[in-house]
Protein chains: 2
Amino acid sequence: MKRYVYGFGGGKADGDGTMKDTLGGKGAGLAEMSLAGVPVPPGFTIATQVCNLYFNSGNKTPSDVEKQMNRKLAELERKMGKKLGDAKNPLLVSVRSGAKFSMPGMMDTILNLGLNDKTVSGLVQNSGNARFSYDCYRRFIQMFGAVVLELEKDDFEHILESIKKKKRAKLDSDLTADDLDQVVTEFKKFVKQKTGKPFPQDPRAQLRGARDAVFRSWHNQRAAFYRRMNDIPDGLGTAVNVQAMVFGNLGDTSATGVGFTRNPATGSKEFYGEFLVNAQGEDVVAGIRTPRPISELKGILPEAYKQLHRITKNLEKHYRDIQDFEFTIQDSKLFMLQTRNGKRTGPAAVKIAVDMVKERLISKKEAVMRVEPQQLDQLLHPVLEPDAKKLLVTLAKGLPASPGAAVGRVVFLADDAVTEAPNGPVILVRGETTPDDIHGMEVAKGILTARGGMTSHAAVVARGMGTPCVAGAGDLVVNSVKKQIKVGRVTLREGDWISLDGSTGEVFIGQANTIEPDTSSGHLAQFMKWVDQFRSIRVLTNAEVPRDAKVARQFGAEGIGLCRTEHMFFEGDRIEHMRAMILADSEKDRRQALKKLLPMQRKDFAALFKVMNGYPVIIRTLDPPLHEFLPKREELMVEIAQLKALNKKKQHVKKLEGILSRVEELHEFNPMLGHRGCRLGITFPEITEMQAQAIFEAAVQCTKKGIKVIPEIMIPLVGNVKELEHQKKIIVETAKKVFAAKGKKVKYMVGTMIEVPRGALTADQVANQAEFFSFGTNDLTQTTFGFSRDDAGGFIEQYKERRIFENDPFAVLDTGGVGQLIEIAVEKGRKTRVDLEVGICGEHGGDPKSVEFCVHTGLDYVSASPYRIPIAKLAAAQAALSKDHDETMRTA
Amino acid sequence: MKRYVYGFGGGKADGDGTMKDTLGGKGAGLAEMSLAGVPVPPGFTIATQVCNLYFNSGNKTPSDVEKQMNRKLAELERKMGKKLGDAKNPLLVSVRSGAKFSMPGMMDTILNLGLNDKTVSGLVQNSGNARFSYDCYRRFIQMFGAVVLELEKDDFEHILESIKKKKRAKLDSDLTADDLDQVVTEFKKFVKQKTGKPFPQDPRAQLRGARDAVFRSWHNQRAAFYRRMNDIPDGLGTAVNVQAMVFGNLGDTSATGVGFTRNPATGSKEFYGEFLVNAQGEDVVAGIRTPRPISELKGILPEAYKQLHRITKNLEKHYRDIQDFEFTIQDSKLFMLQTRNGKRTGPAAVKIAVDMVKERLISKKEAVMRVEPQQLDQLLHPVLEPDAKKLLVTLAKGLPASPGAAVGRVVFLADDAVTEAPNGPVILVRGETTPDDIHGMEVAKGILTARGGMTSHAAVVARGMGTPCVAGAGDLVVNSVKKQIKVGRVTLREGDWISLDGSTGEVFIGQANTIEPDTSSGHLAQFMKWVDQFRSIRVLTNAEVPRDAKVARQFGAEGIGLCRTEHMFFEGDRIEHMRAMILADSEKDRRQALKKLLPMQRKDFAALFKVMNGYPVIIRTLDPPLHEFLPKREELMVEIAQLKALNKKKQHVKKLEGILSRVEELHEFNPMLGHRGCRLGITFPEITEMQAQAIFEAAVQCTKKGIKVIPEIMIPLVGNVKELEHQKKIIVETAKKVFAAKGKKVKYMVGTMIEVPRGALTADQVANQAEFFSFGTNDLTQTTFGFSRDDAGGFIEQYKERRIFENDPFAVLDTGGVGQLIEIAVEKGRKTRVDLEVGICGEHGGDPKSVEFCVHTGLDYVSASPYRIPIAKLAAAQAALSKDHDETMRTA
């Protein structure tokens, strides 16, 4: 018969610490501690598998399990010399959940189980404390009533309150043993009235009920929500831990507490925690009494303190990680109730990992695996002071579009941001941002938009700049004419203070304090050295301006993976030439305008080549639809209509109508699916020609100055090899001309972005022309799913709530669909061209899970925005290590 | 050594009629005729492969070929008893192109080759006709000059004209032999002056030059254009036919002509053609003299006529198809110059096929293969009278969006169409149509739009209605406020007549005559019976309204493959309830509005079930984004701005602002990639519920009346099986409720449209829930390529010109990309569910090439718009027959 119930305690255990899948985290920890001779109250664990059996058998626990449990219970009774339900010497137990991954407070717990009208007298006798005993009993009824019988918790509280009132008791502790006996009587009456049955007096029935209730709590709403937030699969189930009760509330030589073996906020090596004398565990957490720092325990119960310190130190050594532990001291005797690897902040994670390597506790490889990539964000950006945050009123919640905290006064227009910034920090608030807002975004401390997703303009640009941003806060109604934000009945005006947290998407009213990141300690630098040591693929950056490129280099980027040339056309008077180019009637006029843009582009590229000396720079030719560079259609229509209605400025109206007519010509129903990408370069070959000329002239110029230039020209949106062939021909011819004219050759590559499914499906053909592929996973996600990142806001949240999506596919690469296309393309592409360089330059390049996929799929590099370089590197290193590990396991 | 040159003539030939790949159509025909003992002037054919060798060797013909040619020339000289360049008895030859597929008039021809200053005297002697001889010589210099030496044709004409002027000659035939000798002298002078060399006197050099020029003409502009238009691959190359000259212009016993063995316009069995006495072939085509009907030849040259009649009759029997032939009679002796299967109109194709089966000339299978599916269109729609068409002025050219001719007066608004239609035919002209225009489209004789592609709203709806439509005529500037169309400097106003041809995309100014289709003969019905006999897959129709469904049934549709329910929400007061539903603030209000729509939907479905008694009806749940049902955003903005500027109608403005605010909420940047398809049904489950209820209530109602109802409910835009799971659950639960309430069950299926790549890629999972797949190839094409059908107009034409696309992928299924996804989905889907029903319901369902792909991929059905049912059926039958044929070949 399969084993479903595992005993532990007294230096022995049926399981061990490796069995988290079966025993859950808590159960595995208790077994491991038992085996290590740590004093834990004995008990047994019902395996997680039983949770699934329970649900699959229509909420019934199979009789096999029942039998095994009874056998283990008998063992426990022997160990403790007590019996469940024995009126003289009753065994009391706790019943707790414990899943593979910690889900603190999400599921149910029942303490003091085994008490009934008879055993309570036994407890009085054994403890010599009637008040304590009746208090235990009333707490048990209350917990059991709420959790197992599903009665309202508040109703029990009301009964307790009414008796306290009658007895003129202020605090619970003012009630006497008799008073509590009366509470018990009232509680039982209430249970009978509500359930139609008396409160169960049979301790075994109590145990069965509690166990099943814990199973059920796996599927309660908050547990389900927690799992969704933390990507924990629904199918794992929870174990149930039944353990002999120990009491920290048996008088002044009893106590209970929690602690960490190191400081989980900073990582510094100190014995850290708090405790309460004469209290039960829940009191520490409940916050009614203020716990005392653990160092004070030394003076009160020195023996127990010494033992606790020693045991936890050993536990840390044993588990080779910071421990988060719970303990109870009953009559001066220490019991460890739980130990687990402690959760920690980003800075602490890095410091602990580095320290433990120094202490020879873990290897460098392990250190690299100990930090979650996402946590590095906390070392790179300011954060809101946690206490300050608690005091603020939430205004709205949006997407965590660019990490870090920002505090400032609200402005509504990019121009206002520029005007106001010298007077103090400003937050730019827009319905959505456009490339026209760049100058305002540059000076703002933070950016807040009402619309747009994780890859909207605001989000992408903000991440590039390292500016905190909350995007798509749908509750905001932003009126940039009236200069006000409305959220329900709350109105904010220009100049009002707000604080936002770009790592969580929260927006607060008012001015919070922030904590700046401290990178002075050098832990991060040390840590990243190890990361680079184990990393197998390159990490490049997405950058257009030298400033971003420099930041990226500082973070260790190994080149530019995506330079979006269109971003270069918005600055200063460039937009004017760009518009002239678009409004041109003939190729000749268009070339005239392009001629003016050429020297500017050349300067841009030269500056990037200089920063990236010795590293590749992948430059994408013009990508967005041309109307993005023109005024907005509806704004023009409205302006014309107004002026016409008033019969004003006839000359101006005529001019506007001229522009509108071109805007109308360029207007698209679905710009994302329109005349853009290489389609532009094919219909207007002179644009590609100008860009190629600028690239090669800059490359030659830099090379002559001794800079090592590695240009790679990338044609966007290719779905058919002939598109690439057409563009490549222009580039190759332009290169020849430039090299001949300048008397110098520079090596370069021409490749393509794979960002429409057809490009991936025909990759074998595309690779005939392409020397490299770069997966544009933003667009590839859009076309594979058939929804745009800008419009998915309307349903993507609901999809997540309904569990249709586990993740936003724009944040985490959809390996099931988009990933299939990437795999197809890599395989087909390399079949045609063995040495094809393959990378990814979508926003997913900075997402740890997506990076893992890229490593496993055999990509050569990922490209991420500058502030995500360390994260991408860490994710890449971890993926490489886990891949090595997997491969070693397979060959072993 | 490989054979490159094939001789023919005198009852023998090196090749035969099956060798079109090598000999081209003309060469194969000449060989076959020779073998059959038909009198053809002897000669030889240089194989098509040489054309490619020529281009691949840098425009040089390999010496192997040269040698073989000389050998064949010697043979020819022997056969003819004449020698090339012999001053006494010169051999003259023609040099003609001849590709595998006929490309009439696209490439070059040179006649009378072999003439020079010496041989011309020999010709004078042999023919006894000096005038004729010098005329031959001057024609030869002119042709050779233009074709081989690449001089301007017009320059030769000018020289000829100036001599005619000098000689006071009105017609060419007024010139004497001496005059023509003078022309020859001037021509030669001109050649020398232009090329710096004398006109080549060496006949072998002439021959080599002519041969190579014919090769080069394969790549001239008009030939390239013709190939693109007719999907002829560039790589085929042309053969060159060198043939002894025969002369139809040697006097009154000589003649030349062309003809058909049956009437190619009507198909009726009559000897059909025309001829000229004393003329060369080019004169018949040139139209200077009016040719005479072939029957008149009987009186003039009775022996030759009899022989011609007998030979061509035999040729028809031999080739088992209508023959298009050319002949020359030299001194009463008949020579056949060419025979080939004749091109014919749609009605003729059907009649000839049916007749030939009756005549036991071909089998039914062959008959089915003899009609191009597309040709059936001509039997279903009126066409413009060919002669009338010639006289009209072209206004513009757009896409042939819905076939047939329409003539009427221009109206600009749907309402105006309704008002004006009773007074005479109207053509509705719009920038683009929207569902708001339906009532106008219904009464219009034709529809013309300036924007939108083959699957734009106008195109899809027009095809459904069978109304001729030209869409996306980009040159039109349509101003529906001023009620005028501008094209360049031409302005048309309301009430002006236009004529359009929806089969070609042409739009003409003025009122043309049309010819109505004649289906009374019964040939079509007979033909379609055979088609149905050989067809292996079902053909369903796309239809929403009973009228279309009835038409489709008449054409033999076997069910409805796509019922787009949203089309049902625009009529009458439904749009009001629809808008109320969309503007509702709560689920409750939404349900209220849906309740009003329920009985209307039920009635719709009941009507369709009735028409389709015994056949499946596949109903798609609501698909388009909701804002399609609301007024347009920019129109609202403009109206509000105007009223506000004038400070007018404040109450009304407030109401408009309310609507605008909801419109803004629903506004999407890329509606095609937005909140639509099953995403709507998931966020508003009550919509799916109402639709399911209407379907099942109608199904039960009809079943009770004895109608056999086969409803299949189709969920659009599924990319993740969980989406389908969510919607299916609602449908199944609604079905249970309805069946319980009405006391009757109806069998039904739930399936999905595969129209985003992710749906195809994860088809194995989707098929767990889906009982059928229907490929929505319109959307699948959009997402696979990453461009929308409405926006691709900006570049798709240029893509075709640059040969990046062979076809518009919205018209012809892209088998290389979209097809891959279909194959993946079919394979994965059937792996999960062996009996999965799979079909296609995009616009490609009516395109012959696409239907062929569907048959070969193993689909169960295609669904096409009503008027394309016969075409789809024929394509399906042909694909099945060719598949059988391929399979037989493989097993043989």
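Is A:R360 exposed or buried, and what is its relative accessibility? In this predicted model, A:R360 counts as exposed, because its relative accessibility is 77%. The residue is found in the loop between α13 (346-358) and α14 (364-369) of chain A, and its phi is positive, at about 60°, although it is not a glycine.

**Chain A as a whole**

Chain A has 35 helices and 32 strands, and its C-alpha atoms fill a box of roughly 105 × 75 × 55 Å when this is taken along the principal axes. Of its 892 residues, 59% count as buried. When contacts in chain A between residues at least 6 apart in sequence are considered, 68% of them join residues at least 24 apart.

**Backbone angles in loops**

Most residues other than glycine have a negative phi. With a relative accessible area of 38%, A:S332 is partly exposed. A glycine with a positive phi, near 90°, is A:G706, which follows helix α27 of chain A.

**Helices**

Helix α27 itself covers residues 685-704 of chain A, and its 20 residues reach 29 Å from the first C-alpha to the last, close to the 28 Å expected at 1.5 Å a residue. Because 14 of these 20 residues are buried, α27(A) is largely enclosed by the rest of the structure.

Elsewhere in chain A, the axes of helix α1 (residues 20-35) and helix α12 (residues 302-319) come within 12 Å and cross at roughly 110°, so α1(A) is roughly perpendicular to α12(A). On the side of α1(A) the contact is made by A:A28, A:G29, A:E32 and A:M33, while α12(A) contributes A:L315, A:H318 and A:Y319. Sorted by class, this contact of α1(A) with α12(A) has 4 nonpolar, 2 polar and 1 charged residues.

**Two buried residues**

A:L123 is found in helix α4 (residues 119-127) of chain A, and it is buried, with a relative accessible area of 8%. Not counting residues up to four places away in sequence, A:L123 touches A:P90, A:L92, A:L115, A:G128, A:F132, A:S133 and A:C136. A:L123 and A:R3 are 120 residues apart in sequence, and their C-alpha atoms are 33 Å apart in space.

A:T752, in turn, is found in strand β29 (residues 749-754) of chain A, and it counts as buried because its relative accessibility is 0%. If its neighbours within four places in sequence are left aside, the residues in contact with A:T752 include A:M714, A:I715, A:V718 and A:L724, and also A:F772, A:F773 and A:S774.

The accessibility of the residues described individually is gathered here.

| Residue | Relative accessibility | Class |
|---|---|---|
| A:T752 | 0% | buried |
| A:L123 | 8% | buried |
| A:S332 | 38% | partly exposed |
| A:R360 | 77% | exposed |

**The interface with chain B**

The size of an interface is often given as the accessible area lost when the parts come together. Chain A and chain B bury about 5000 Å² between them, and 59% of this area is on carbon and sulfur atoms. Of the area that chain A buries against chain B, A:F669, A:L673 and A:R758 supply 14%, which is more than any other three residues. In terms of contacts, 56 residues of chain A are in contact with 55 residues of chain B.

Conventions
Residues numbered from 1 in each chain as written. Chains lettered and ligands numbered in written order. Predicted model: local features only at pLDDT ≥ 70, side-chain atom pairs only at ≥ 80, totals over all residues. Heavy atoms only, no water. Helix = DSSP H or I, 4+ residues; strand = E, 2+ residues; numbered from the N terminus. Buried < 20%, exposed > 50% of the residue type's maximum accessible area, 1.4 Å probe, protein only. Contact = heavy atoms within 4.5 Å. Expected span 1.5 Å × (residues − 1). Axes fitted to C-alpha atoms, helices over the stretch in contact; angles between N-to-C directions. Parallel < 35°, antiparallel > 145°, perpendicular 65-115°, else oblique. Nonpolar A, V, L, I, M, F, W, Y, C, P; charged D, E, K, R; others polar. Buried area = accessible area lost by both parts, 1.4 Å probe.
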